[in-house]
Amino acid sequence: PNAGLKDAPGGLLLGKPIIQTQACQALSAKGDVYFVNLKQYRTITKRGAGIQLAQSMHLYFDAGLTAFRATFRVDGQPKFKSSITPAKGSAALSPYVTLEAR
């Protein structure tokens, strides 16, 4: 019964994993719950940028330590610019749905 908790530590809602984030609004406000299909989101990296590594022996000089930093810049955007109107029916379809205020 708890097998799903390994893959969804935030729990499940209608069989889908719950991912908690600070980007959501307060409970019961518009935007507190989003249903998102992340397969319809593309990530973009700058060609050749890769991971940038840096080190500094000055930051913790008095402790005799060296600080390391790795930076990997990623951007993203939805695959669709707006909702999709199906050929049959009038209900718009979207991989990103926000609940209204309740």
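Biologist: Which element gives the largest share of the lining of the largest pocket?
Modeller: That is β3, with 3 residues. Strands here are DSSP runs of E with at least two residues, helices are runs of H or I with at least four, and both are numbered from the N terminus.

Biologist: What kind of model is this, and which pLDDT limits apply?
Modeller: It is a predicted model, where local features need pLDDT of at least 70 and side-chain atom pairs count only at 80 or more, while totals for chains, interfaces and linings use all residues. Residues are numbered from 1 along each chain as its sequence is written, and side-chain values use heavy atoms, with hydrogens and water left out.

Biologist: Back to the pocket. What is its volume?
Modeller: The largest pocket has about 720 Å³. A pocket is an open set of points on a 1 Å grid over the protein atoms alone, where a 1.4 Å probe fits and protein lies on both sides within 12 Å along at least five of seven lines. Points are joined across faces, edges and corners, and the volume is the space filled by probe spheres set on them.

Biologist: How does the lining split by class?
Modeller: 13 nonpolar, 4 polar and 2 charged. Ala, Val, Leu, Ile, Met, Phe, Trp, Tyr, Cys and Pro count as nonpolar; Asp, Glu, Lys and Arg as charged; the others, Gly among them, as polar.

Biologist: Take Y34. Where does it sit?
Modeller: Y34 is in strand β3. Its relative accessible area is 40%, so it is partly exposed. Buried means under 20%, exposed over 50%, and partly exposed in between, with a 1.4 Å probe and protein chains only.

Biologist: New topic. Which residues form the nonpolar patch on the surface?
Modeller: L13, L14, I18, F35 and V97, with about 450 Å² of accessible area together. Patch members have over 30% relative accessible area and no salt bridge; nonpolar side chains (Val, Leu, Ile, Met, Phe, Trp, Tyr) are joined within 5 Å, like charges within 9 Å. The areas come from the Shrake-Rupley method with a 1.4 Å probe, and only the protein chains shown count as cover.

Biologist: Where are L13 and I18?
Modeller: L13 is in strand β1 (residues 12-13), and its relative accessible area is 38%, so it is partly exposed. I18 is in the loop between β2 and β3. I18 is partly exposed too, at 33%. The C-alpha atoms of I18 and V97 are 14 Å apart, though the two are 79 residues apart along the chain.

Biologist: What about L14, buried or exposed?
Modeller: Exposed, at 79% relative accessible area. L14 is in the loop between β1 and β2, and its phi is near 55°, a positive value in a residue other than glycine. Most residues other than glycine have a negative phi.

Biologist: Which residue has a positive phi of about 75°?
Modeller: S28, which is not a glycine either. S28 is in the loop between β2 and β3 and partly exposed at 35%.

Biologist: How many salt bridges?
Modeller: 2 salt bridges. The rule is a side-chain nitrogen of Lys or Arg within 4 Å of a carboxyl oxygen of Asp or Glu. E100 pairs with K30 at 3.8 Å, N to O. E100 lies in the segment after β8 (96-98) and K30 in the loop between β2 and β3, so the pair ties together parts 70 residues apart in sequence.

Biologist: And what is the N to O distance for D32 and R102?
Modeller: 2.5 Å. D32 lies in the loop between β2 and β3 and R102 in the segment after β8, so this pair also ties together parts 70 residues apart in sequence. D32 is buried at 10%, whereas R102 is exposed at 55%.

Biologist: Last one. Where is I51?
Modeller: I51 is in the loop between β4 (41-44) and β5 (52-56). I51 is exposed, at 58%. I51 and F72 are 21 residues apart in sequence and 4.8 Å apart in space, C-alpha to C-alpha.

How values were computed. 1 Å grid on protein atoms, 1.4 Å probe; cavity = no way out; pocket = protein on both sides within 12 Å on 5 of 7 lines; lining within 4 Å.
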